[in-house]
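Subject: Handover of a structure

Dear colleague,

Please find the structure below, handed over for your study. My notes on what was found in it follow directly after.

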Protein chains: 2
Amino acid sequence: MTQHIHHINFVVRDLAEAIPAWERILDQKVTSLDRLDERGVNIARFDLGQSWIVLVQPLRADTVPAKYLEQHGEGFFLMSLGTNSLQAEIERLGEAAFDGPARDGLDDWRVRDVAVARMFGAQVQFVEDSDS
Amino acid sequence: MTQHIHHINFVVRDLAEAIPAWERILDQKVTSLDRLDERGVNIARFDLGQSWIVLVQPLRADTVPAKYLEQHGEGFFLMSLGTNSLQAEIERLGEAAFDGPARDGLDDWRVRDVAVARMFGAQVQFVEDSDS
């Protein structure tokens, strides 16, 4: 179960404002723009090789990212650990180690959130994709 | 100026409590324990190949990490982008893009913080080390 930092999510109020600032820091154009209706977000991704930097703009107030933004303001939202077997991580850690069921992410990503109460304030999830 | 996610810092109140939780999630023992007197912190690192996960416990109230912990609580503190030339990033972005001067980090890491007011809540820094 090799792990790496698969992506880091930052929540922002307005992608149109945040993307140019990130393009400047990262010295590259945004890699792709997506919409994830189940999460109620627009998404901008930057490819840093082994890892993605992912900007998330909530579109509706009744979603997890929107509630996080409301509570914490803009900034870091979660870190996603790439694994070659999400199922193996679940069996290793047990169901109680997770919050909620597995869900689909971008592309063919399959993600599950680690129970935040156990991680000393760190929002962590596992993700399996075809490149893991 | 190839960039990658060099490390992610999480600030915690007590390394002795946080380390076992992270060891379980990452399925590995902590890689090293350090103390960085200039920043007033104890540090635990986990090696994820291209990236480190770094846990930081403030030891004094008058430090940047301690103030961050006081204001935000435990959790994500900053993301450090690895670069093969810190000086080239500074020349590319200009002095106004940074908060404060460059400083030493762990080992031979040399770091400089991106001006947080420009990054929509994301705490970002650049780091150059001999492996960059």
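Strands here are DSSP runs of E, at least two residues in length, and they are numbered from the N terminus. By that rule, B:Arg112 lies in strand β7 of chain B, which covers residues 110-114. Please keep in mind throughout that this is a predicted model.

Confidence

The predictor assigns the complex an ipTM of 0.92 and a pTM of 0.93. For chain A, the average pLDDT is 93, and 98% of the residues score at least 70.

The surroundings of B:Arg112

Is B:Arg112 buried or exposed? Its relative accessibility is 7%, and buried means under 20%, so B:Arg112 counts as buried. Leaving aside neighbours within four places in sequence, B:Arg112 is in contact with B:Leu86, B:Ile90, B:Glu95, B:Phe98, B:Gly100, B:Pro101, B:Ala102, B:Gln125 and B:Phe126. By contrast, B:Ala21 is 30 Å from B:Arg112, C-alpha to C-alpha, and the two are 91 residues apart in sequence.

The surroundings of B:Gln57

A second residue of chain B to examine is B:Gln57, found in strand β4 (residues 51-58). B:Gln57 has a relative accessible area of 16%, which is under 20%, and therefore it is buried as well. Beyond its neighbours within four places in sequence, B:Gln57 is in contact with B:Val12, B:Arg13, B:Asp14, B:Leu15, B:Gly40, B:Val41 and B:Asn42. Among them, B:Leu15 has its backbone nitrogen 2.9 Å from a polar atom of the side chain of B:Gln57.

Where the two chains meet

How many residues does each chain bring to the contact? Chain A brings 37 residues and chain B brings 37 residues. Together the chains bury about 3200 Å², with 68% of that area on carbon and sulfur atoms. On the side of chain A, A:Arg24, A:Ile25 and A:Phe120 supply 23% of the area buried against chain B, more than any other three residues.

The interface holds 2 salt bridges by the rule applied. One salt bridge joins A:Asp27 to B:Arg92, with their closest N and O atoms 3.6 Å apart. In chain A, the elements β1 (4-11), α1 (15-26), β4 (51-58), β5 (75-82), α3 (86-93) and β8 (124-128) each supply at least two residues of the side that touches chain B. The most comes from α1(A), which gives 7 residues. Sorted by class, this side of chain A has 25 nonpolar, 6 polar and 6 charged residues.

A backbone feature in both chains

Most residues other than glycine have a negative phi. A:Asp27, however, has a phi near 60°, which is a positive value in a residue other than glycine. This residue sits in the loop between α1 and β2 (32-36) of chain A. Its relative accessibility is 46%, so A:Asp27 counts as partly exposed.

In chain B, B:Asp27 also has a positive phi, near 60°. B:Asp27 is found in the loop between α1 (15-26) and β2 (32-36) of chain B, and with a relative accessible area of 46% it is partly exposed.

Yours sincerely

How values were computed: Residues numbered from 1 in each chain as written. Chains lettered and ligands numbered in written order. Predicted model: local features only at pLDDT ≥ 70, side-chain atom pairs only at ≥ 80, totals over all residues. Heavy atoms only, no water. Helix = DSSP H or I, 4+ residues; strand = E, 2+ residues; numbered from the N terminus. Buried < 20%, exposed > 50% of the residue type's maximum accessible area, 1.4 Å probe, protein only. Polar contact = N/O pair within 3.5 Å; in protein donor to acceptor, adjacent residues only side chain to side chain. Contact = heavy atoms within 4.5 Å. Buried area = accessible area lost by both parts, 1.4 Å probe. Salt bridge = Lys/Arg side-chain N within 4 Å of Asp/Glu carboxyl O. Nonpolar A, V, L, I, M, F, W, Y, C, P; charged D, E, K, R; others polar. pLDDT = per-residue confidence, 0-100.
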